[in-house]
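Dear colleague,

Please find below the sequence and the structure that I am handing over to you. My notes on what was found follow directly after them.

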Amino acid sequence: MSATTLPLPTKSFLSTVPNTSSSTKTPPSSLLLPPSHFHISAYPIPSSPPKPPSSSSVVTYLKKKNPWLDPFDFGDDPEMEYGELFADGKQEEDTRPPDNPDNEYGFLKFPFGYNVEIASLGLKIRGDVRRCCCMISGGVYENLLFFPAIQLIKDRYPGVLVDVIASARGKQTYEINKNVRFANVYDMEEPFPIPSEYTDMVGVLKGRYYDMILSTKLAGLGHASFLFMTTARDRVSYIYPNVNAAGAGLLLSETFTPEGMNLYNQMVDWLGRPAKNVPRQEVPPLKVSISRKLKEVVEKKYKESGAEKGKFVVIHGIESDSQANMQSRGDPDSLLPIQVWAEIAKAVKGVRPVFVIPHEKERENVEEVVGDDSSIVFITTPGQLAALINDSVGVIATNTAAIQLANAKEKPSIALFCSEEKGRLFVPNAEDKRCKVIASKTGKLIDIDVEAVKNAAQFFEVALILA
């Protein structure tokens, strides 16, 4: 298992949100990304190991407390002396097994509101988080980019149990994440949810007694009501930056109004905030775990196609209407027709190109263009794609999850983008990740310079020799 840094979302989304003001400030060009549920979004990736920020470069998000939530909250008492147990430092993992092995609520994890005399004092005094739920909007790509935030929660709150609520496609991502306990499917983007599904999900979340629930979806009064009904102690979410957020802040314990282009920046800053005798928690690199069973299934697939372990290049991003193409919602122009891929594959020397198709109906088209003797692998889940990339020499792909997984597995890659701007946003510090970014000069991916891709493809022949 290898690890590299992966991104948190970026790019201006303010154009997609109803504008209620007469003037709009232009965000600085140095800022990045938008939310997963908007049409325009890019997702940059944290560059290599985080360095302690200097006093002049620290960015903090200070906001005035809402007096309606607690009119008697005047902040921390400056004269208070902390000397009792659970007053400072990080929370501790359970040092003893549960009293009742058959009861999922063991010692120190008792449901909120029951037998408080044996509950951990740290839950109240120090704000410990024993159970956390993350509601992540978007598909495979967006959920993959949230992995670093999940790892940050695990590091900041030792022993925490993390659950995830995601879309049907997004849930597939968590077969390669060892930090998540449960992953449930729920469509947060549905404006008029089925009442039975809505109430059932509220009951499920309420019955798990979460200490904290996070949401990456911009909340209005409706979504804020959903989070409020889970009865979690800390309800954290982004809210709309306009009148659509009216009333949402009263039902949430912590809110963030998107500013600039980096949607997750404020949430991660809040999650990693320092506490008494606890330094700021930096965003860790992404870790992808691939099970042995998954590796065996994928190995059987690519061997049947004629490829050998460590002697093939993964080609991903073939144009298809399948939902399994794993492209970003914020970059719809990120797929190429098979005719272009066939021309690129001819330039790959010394290694065998393996074409990844998201649906079996594409097999006939690929065989017709590339040839019956070509290696074609049918892959629909991010776990299988990660296993395939792990056994390859490298990756040639458009802006799909394949590029991010290649960076996570430290594999050389060639990333094809419709513009240089998106290339910098999605793959910052590309050279450090052994990633060659090639962008179209016209702003359309179909017009990409195929000759430049062919020249870059010679890199895999060198990588094979060095392997």
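**Helix packing**

The crossing of helices α9 and α12 is right-handed; a crossing is called right-handed if the near helix is turned clockwise from the far one by less than a right angle, and left-handed if anticlockwise. Please note that this is a predicted model, in which local features need pLDDT of at least 70 and side-chain atom pairs count only at pLDDT 80 or more, while totals for chains, interfaces and linings use all residues. Residues are numbered from 1 along each chain as its sequence is written, and side-chain values use heavy atoms, with hydrogens and water left out.

Helices (H or I, at least four residues) and strands (E, at least two) are DSSP runs, numbered from the N terminus. Helix α9 covers residues 292-304 and helix α12 residues 382-390; they pack at an angle of about 70 degrees, and their axes are 9 Å apart. α9 is therefore roughly perpendicular to α12. For these terms, angles under 35 degrees count as roughly parallel, over 145 as roughly antiparallel, 65 to 115 as roughly perpendicular and the rest as oblique. The axes are lines fitted to C-alpha atoms, for helices over the stretch in contact, and angles run from 0 to 180 degrees between N-to-C directions. On the α9 side, Leu294, Lys295, Val298, Lys301 and Tyr302 meet Gly383, Gln384, Ala387, Leu388 and Asn390 of α12, where contact means heavy atoms within 4.5 Å.

A second pair is formed by helix α10 (residues 338-345) and helix α11 (residues 363-370), which pack at about 45 degrees with axes 10 Å apart. That angle makes α10 oblique to α11. The crossing of α10 and α11 is right-handed. Ile338, Gln339 and Ala342 of α10 make the contact with Val366, Val369 and Val370 of α11.

**Aromatic rings and charges**

Rings of Phe, Tyr and Trp (its six-membered ring) are taken to pair if their centres lie within 6.5 Å; planes under 30 degrees apart count as stacked, over 60 as edge-to-face and the rest as tilted. By this rule there are eight aromatic pairs. One of them is the stacked pair of Tyr186 and Phe226, at 5.5 Å centre to centre and with 15 degrees between the planes. This pair links distant parts of the chain, 40 residues apart: Tyr186 is in the loop between β4 (180-185) and α5 (195-207), and Phe226 is in helix α6 (residues 221-229). Tyr186 counts as buried because its relative accessibility is 10%, and Phe226 counts as buried at 2%. Here buried means under 20% relative accessible area, exposed over 50% and partly exposed in between (1.4 Å probe, protein chains only).

Tyr141, Phe417 and Phe426 form one aromatic cluster. Phe417 is also in contact with Lys422, as are Gly330 and Asp331, leaving aside neighbours of Lys422 within four places in sequence. Lys422 belongs to helix α14 (residues 420-426) and counts as buried, with 15% relative accessibility.

The charged end of Arg273 is 4.1 Å from the centre of the Trp270 ring, and Arg156 lies over the face of Tyr157 at 5.0 Å from the ring centre.

**Loop residues**

Thr231 is not a glycine, yet has a positive phi of about 60 degrees. Thr231 lies in the loop between α6 and β6 (234-239) and is partly exposed, at 36% relative accessibility. Met326, likewise a residue other than glycine, has a positive phi near 60 degrees. Met326 is in the loop between β9 (312-316) and α10 and is buried, at 4% relative accessibility.

Ser253 is placed in the loop between α7 (248-251) and β7 (254-256), and with 31% relative accessibility counts as partly exposed. Beyond its neighbours within four places in sequence, Ser253 contacts Arg233, Asp234 and Arg235. Ser253 and Ser237 are 16 residues apart in sequence and 8.7 Å apart in space, C-alpha to C-alpha.

**The protein as a whole**

The protein has 16 helices and 14 strands. Of its 467 residues, 51% are buried. Among contacts between residues at least 6 apart in sequence, 67% join residues at least 24 apart.

With kind regards

Note on methods: A charge sits over a ring if NZ of Lys or CZ of Arg is within 6 Å of the ring centre and within 35 degrees of the ring normal.
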